[in-house]
Amino acid sequence: MKDDDIWTRDEVESPCTKICVIHPAERICTGCLRSMDEIAAWGRMSPKQRREIMAELPTRAPRLQRRRGGRAARVGG
């Protein structure tokens, strides 16, 4: 065992990107895609719970890309 192995922990790292803006309609962070409850509880979650959330995050991104108005809505794009 190397000396620096003592300080490594086997846990899922946070997906935080330091862009902490909660989308008003979707109620998820536009940076990491987690809900406010998930962000608050992250430090207390088990590695299994964290992995489950991490696996789900990519499915949340399209929720933030939909536009309801503006030019894209007018031209059908």
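Biologist: Before I look at the order of elements, what counts as a helix here?

Modeller: A helix is a DSSP run of H or I covering at least four residues, and elements are numbered from the N terminus. This is a predicted model, and its elements run α-α-α from the N terminus on. That makes 3 helices and 0 strands.

Biologist: How many of the residues are buried?

Modeller: Of the 77 residues, 22% count as buried. The accessible surface comes to about 6,200 Å², and 54% of that belongs to carbon and sulfur atoms.

Biologist: Let's take one residue, then. Is Glu26 buried or exposed?

Modeller: Buried means under 20% relative accessible area. Glu26 has 17%, so Glu26 is buried. You'll find Glu26 in the segment before helix H1 (36-41).

Biologist: Which side chain does Glu26 make a polar contact with?

Modeller: Arg63: the two side chains are joined by a polar contact of 2.8 Å.

Biologist: On to H2. Why does the distance between its ends agree with its number of residues?

Modeller: The expected span is 1.5 Å times one less than the number of residues. Helix H2 (residues 47-65) has 19 residues, so it should span 27 Å; the end C-alpha atoms are 29 Å apart, which agrees.

Biologist: Where is the kink in H2 centred?

Modeller: On Pro58, with a bend of about 40 degrees.

Biologist: And which residues of H2 are buried?

Modeller: Arg50, Ile53, Leu57 and Arg60. The buried residues of H2 pack against H1.

Biologist: What about contacts across the sequence?

Modeller: Take the contacts between residues at least 6 apart in sequence: 46% of them join residues at least 24 apart.

Key: Residues are numbered from 1 along each chain as its sequence is written. This is a predicted model: local features need pLDDT of at least 70, side-chain atom pairs count only at pLDDT 80 or more; totals for chains, interfaces and linings use all residues. Side-chain values use heavy atoms; hydrogens and water are left out. Helices (H or I, at least four residues) and strands (E, at least two) are DSSP runs, numbered from the N terminus. Buried means under 20% relative accessible area, exposed over 50%, partly exposed in between (1.4 Å probe, protein chains only). Contact means heavy atoms within 4.5 Å. Accessible areas come from the Shrake-Rupley method with a 1.4 Å probe; for residues, only the protein chains shown count as cover. A polar contact is a pair of N or O atoms within 3.5 Å; within protein, one must be able to donate a hydrogen and the other to accept it, and residues adjacent in sequence count only if both atoms are side-chain atoms. The bend at a residue is the angle between axes fitted to the seven residues ending there and the seven starting there.
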